[in-house]
Amino acid sequence: MRWEGNRESSNVEDRRSSSSSSSSSGLGGRSIGIGTIVVALIGGWALGINPLTLLGVLSGGNPAQVQQAPAQRPPAEDKMARFVSTVLADTEDVWKDVFRQQGGRYQEPHLVLFRGATPTACGTGQAAMGPFYCPGDQKVYIDLDFYETLRRQLGAPGDFAQAYVIAHEVGHHVQNLLGITEKVDQRRGRVSQAQYNQLSVRLELQADCFAGVWANHAQQARQILEQGDVEEAMNAAAKIGDDALQRSRGGAVVPESFTHGTSAQRQRWFDAGLQSGSMQRCDTFSARAL
C-alpha cells in the first residue's frame with residue numbers, strides 16, 4: 001500500500017503512555033498481552049460479538065463519565081502510528097467528498113491509540129475487544145497490538161489488511177452519522193435474539209462495503225493500491241468471517257449466532273463497495289440475499 005508521505009490526520013489521540021490507558025477496569029496497571037488478546041478475541045471482535053454489547057451500550061448500560069485529559073499526538077518516529085494517522089486522513093478526505101457530493105457534511109471521527117484498557121463514552125474499552133467504534137464520543141479505539149494478532153494468530157498480514165480494519169470502523173462512524181446504527185439499536189428487545197443477530201450481520205456487512213467504497217475513492221484519487229493489496233483485504237475479511245472463526249475453534253458452525261457474516265459475505269460486500277465506489281450499493285438492509 002502506498003501511504004508514506006501522504007497527509008496524516010490531526011484527529012489521533014495517543015493514550016498509550018497514560019495511566020488510564022493501562023490500569024482501567026481492575027487491570028492493575030498491566031497491559032494485556034498478545035496471548036490474552038487472542039483468547040479474549042474468541043469472544044469479541046474477531047468472532048463477531050459487537051464490543052458495544054460488552055461495553056453495555058446496546059444493553060442499557062450507562063455511558064461512562066470520561067475524564068478528558070489533554071490529547072497527545074503520537075511521536076513522529078512511531079511508524080505504525082503514522083500509518084494509522086495516514087489511513088485515517090485518507091478516510092477523512094474520501095468521506096468528506098462523498099458526503100459533499102450528496103449534499104451533506106462529514107463530521108470527522110477521532111481515533112484513539114491505547115494499551116490494555118481506556119475509558120470511553122461507552123464504558124471501559126479493553127484491548128481484548130479488538131478495534132471498536134463508540135458512537136457516544138464518535139471515536140475509533142485501537143490497541144496496535146491487535147495488528148500482531150491479525151498477522152500471527154489470524155493469518156491476515158499486510159498493511160492494506162490493517163487499513164481495512166480502520167476503514168471498517170470508520171464505516172461504523174458513517175453509519176452513525178446517517179442514523180443507521182440508532183435504527184438497528186432500537187430493534188433490540190423488540191425482536192428475537194436470532195433476528196437481532198441478523199440485523200447485526202447486515203450492519204457489519206455494510207461497514208465492510210463502506211470500507212470498500214473508501215478504497216475505491218482513495219485509489220482513484222491517490223493510487224494507493226499496490227499488487228496484492230486487495231488480496232490482503234479479502235484474506236482478512238475471510239479470516240474474520242463468523243463461520244471461519246467458529247471452525248477455527250473446532251466447534252460447530254451455528255448460523256443463528258452469526259453477528260458479522262460469513263467469510264464469503266464479508267468478501268462479497270467489501271468487493272461491492274470496492275468495485276462500485278457507491279454508498280447506494282451498500283444497502284445490505286434491503287438486500288434479499290447477503
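**The chain and its disulfides**

Author: Gladly! The chain exposes about 12,600 Å², and carbon and sulfur atoms supply 46% of it (Shrake-Rupley method, 1.4 Å probe; for residues, only the protein chains shown count as cover). This is a predicted model, where local features need pLDDT of at least 70, side-chain atom pairs count only at pLDDT 80 or more, and totals for chains, interfaces and linings use all residues. Residues are numbered from 1 along each chain as its sequence is written, and side-chain values use heavy atoms, leaving out hydrogens and water.

Reader: What is the handedness of the disulfide of Cys122 and Cys134?

Author: Cys122 and Cys134 form a disulfide with sulfur atoms 1.9 Å apart (the cut-off is a pair of cysteine sulfur atoms within 2.5 Å). Cys122 lies in the loop between strand 3 and strand 4, and Cys134 in strand 5 (strands are DSSP runs of E, at least two residues; helices are H or I, at least four; both are numbered from the N terminus). The torsion about their S-S bond is about 90°, so the disulfide is right-handed.

Reader: Is Cys209 buried or exposed?

Author: Cys209 sits in helix 8, while its partner Cys282 is in the segment after helix 11, 73 residues apart. Buried means under 20% relative accessible area, exposed over 50%, and partly exposed in between, with a 1.4 Å probe and protein chains only. Cys209 has 0% relative accessibility, so Cys209 counts as buried.
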